[in-house]
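Hi,

Here is the structure I promised to pass on.

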Amino acid sequence: MLNWKLHLVVLVLVVIAEKIGNFTINLGIGKVVLLPMMYALIMGTLTCLKSVKISGEKEMKVASSLLGVTLMLLMAKYGTIIGPTLPKILAASPALILQELGNLGTVLIGIPLAVYIGLKREAIGAAHSVAREPNVAFIGERFGLDSAEGRGVMGVYICGTVIGTIFFGLMASIFATYLPLHPYALAMAAGVGSASMMTAAVGSLSALYPNMADQLAAFGAASNMLSGLDGLYMSIWLALPLSEWLYTKTYKLKYGELPPSVVEKAKEKEE
Amino acid sequence: MNMKDTIIALSIVGFMSLISNVVGTKHAFVDAIPGMIVLVAIAIAGIGLGKVLPGKIPAVAYVVTLGCILTFPGVPTAEFINEAVKKVGFLQLCTPILAYAGIAIGKDLDIFVTEGWRIVVVACVVFAGTYLGSAVIAQAILKAIGQI
């Protein structure tokens with residue numbers, strides 16, 4: 001816990017990362033955003049390289065035991081962001097609460113695909129949700145972020161942070177143009193728990209339907225806030241159990257045997 | 001991790017976040033301290049509840065829910081907490097966490113490199129699946145209640 005070398009390294013990385021600040025790269029079709037947290041992550045892994053050897057075995061161990069707790073601080077902040085907006089959200093539309101169930105679509109498509117292309121337990125972390133901060137915290141608490149599940153959720157989290165805005169901006173225009181979905185529904189659905197992704201999607205929709213811009217922004221923002229609360233409970237009670245189940249099924253289909261994690265659990269029960 | 005270690009860990013990370021906050025935002029170090037103390041307290045309370053209460057609900061749910069309740073408009077603590085935590089940036093809180101995460105996953109760097117492309121593919125499908133799934137349900141409900 002009190003590994004001062006580790007904390008000193010982190011302190012230096014944090015200061016460097018925040019000093020560099022945000023970078024936005026405009027690609028024409030959308031923006032790629034680089035944030036200090038990503039530099040901190042990359043620099044952190046680099047300190048572990050055998051040729052650099054700043055962070056050793058001990059530091060890595062302490063860092064991973066600290067992670068679960070550190071995420072709680074972020075979640076506390078998350079809660080205080082949602083709280084003040086709750087009355088407005090609840091008044092907006094009951095559809096906001098239920099559309100969170102759509103996140104299960106992630107599991108139904110994501111898990112089979114992840115297993116098919118060869119991911120093991122990473123699949124659970126990567127495809128049980130859209131992998132925003134609360135999901136990362138949840139997986140971190142349940143499995144540890146240095147586990148296979150943790151690698152999965154961190155990977156998708158990082159992808160989302162880097163290309164999420166472009167992706168959601170593009171999807172919103174494509175869906176609005178080619179699918180028979182109402183812009184309100186598309187605005188609500190964009191609130192997956194990331195302000196930047198939601199803003200990008202609502203931005204595209206507002207460009208297509210300028211006279212609805214205010215309502216679209218309101219639905220998007222409300223749904224985005226709510227995702228952090230009811231989306232989290234949905235991950236805990238529905239999405240993760242469903243992911244586990246689907247993982248076992250698809251694993252058996254692909255490899256012709258039960259996943260090692262399930263076999264181990266069954267053995268434990270027998271003993 | 002026991003409660004004492006949890007509190008020590010939160011205090012250390014809280015301090016790191018204050019540094020991150022002072023470098024990354026326009027808020028002064030001292031101004032952000034009350035907000036940080038509130039956040040640490042909410043986190044400790046949430047983790048404590050997760051340990052004490054039955055039902056195997058993870059602490060993260062208690063922490064988020066507690067944060068919501070304490071800032072819900074009209075609750076006596078809401079105004080003070082809102083003002084205090086406003087001075088602690090969300091993105092600045094992420095920076096130290098991901099620095100620790102980077103060091104923690106350092107030992108698996110080679111796995112990350114070899115599996116990276118698979119995760120990126122899954123990520124794209126996950127985003128599309130979530131968005132489409134939610135949009136279809138939202139469409140159905142909005143129609144059912146006559147909002148569209």
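Below is what I found, starting with some housekeeping.

This is a predicted model, where local features need pLDDT of at least 70, side-chain atom pairs count only at pLDDT 80 or more, and totals for chains, interfaces and linings use all residues. Residues are numbered from 1 along each chain as its sequence is written, while chains are lettered from A and ligands numbered from 1 in the order in which they are written.

**Where the chains meet**

The contact between the chains draws on 103 residues of chain A and 92 residues of chain B; two residues are in contact if their C-beta atoms, placed from the backbone, lie within 7 Å. On the chain A side, helix H3 (residues 57–82) gives the largest share, with 20 residues. (Helices are DSSP runs of H or I with at least four residues, numbered from the N terminus.) That side of chain A is made up of 69 nonpolar, 25 polar and nine charged residues. Here Ala, Val, Leu, Ile, Met, Phe, Trp, Tyr, Cys and Pro count as nonpolar, Asp, Glu, Lys and Arg as charged, and the others, Gly among them, as polar.

**Two helix pairs across the contact**

H3(A) crosses helix H1 (residues 3–24) of chain B at roughly 60 degrees, and their axes come within 9 Å. Axes are lines fitted to C-alpha atoms, for helices over the stretch in contact, and angles run from 0 to 180 degrees between N-to-C directions. H3(A) and H1(B) are therefore oblique to each other (under 35 degrees is roughly parallel, over 145 roughly antiparallel, 65 to 115 roughly perpendicular, and the rest oblique). From H3(A), Leu66(A), Val69(A), Thr70(A) and Leu73(A) meet residues of H1(B) that include Ala9(B), Leu10(B) and Val13(B). This contact has six nonpolar, four polar and no charged residues.

The other pair is helix H1 (residues 4–20) of chain A with helix H5 (residues 90–105) of chain B, packed at an angle of about 130 degrees with axes 9 Å apart. That angle makes H1(A) oblique to H5(B). Among the residues in contact are Leu6(A), Val10(A) and Leu13(A) from H1(A), and Pro96(B), Ala99(B) and Tyr100(B) from H5(B). By class, the contact of H1(A) with H5(B) has nine nonpolar, two polar and one charged residues.

Helix H8 (residues 133–143) of chain A is largely enclosed by the rest of the structure, because nine of its 11 residues are buried. A residue is buried if 20 or more other C-beta atoms, placed from the backbone, lie within 10 Å of its own, exposed if 12 or fewer, and partly exposed in between. The cover over the buried residues of H8(A) includes H3 and H12 of chain A, along with helix H3 (59–71) of chain B. Just after H8(A), Gly144(A) has a positive phi of about 90 degrees.

Ala95(A) sits in helix H5 (residues 95–98) of chain A and is buried, with 23 other C-beta atoms within 10 Å. Leaving aside neighbours within four places in sequence, Ala95(A) contacts Met188(A) and several chain B residues, including Ala138(B) and Ile141(B).

Leu258(A) lies in the loop between helix H12 (213–255) and helix H13 (260–270) of chain A. Leu258(A) counts as partly exposed, with 15 C-beta neighbours inside 10 Å. Not counting residues up to four places away, Leu258(A) touches Thr248(A), Lys252(A) and Val263(A).

Cheers
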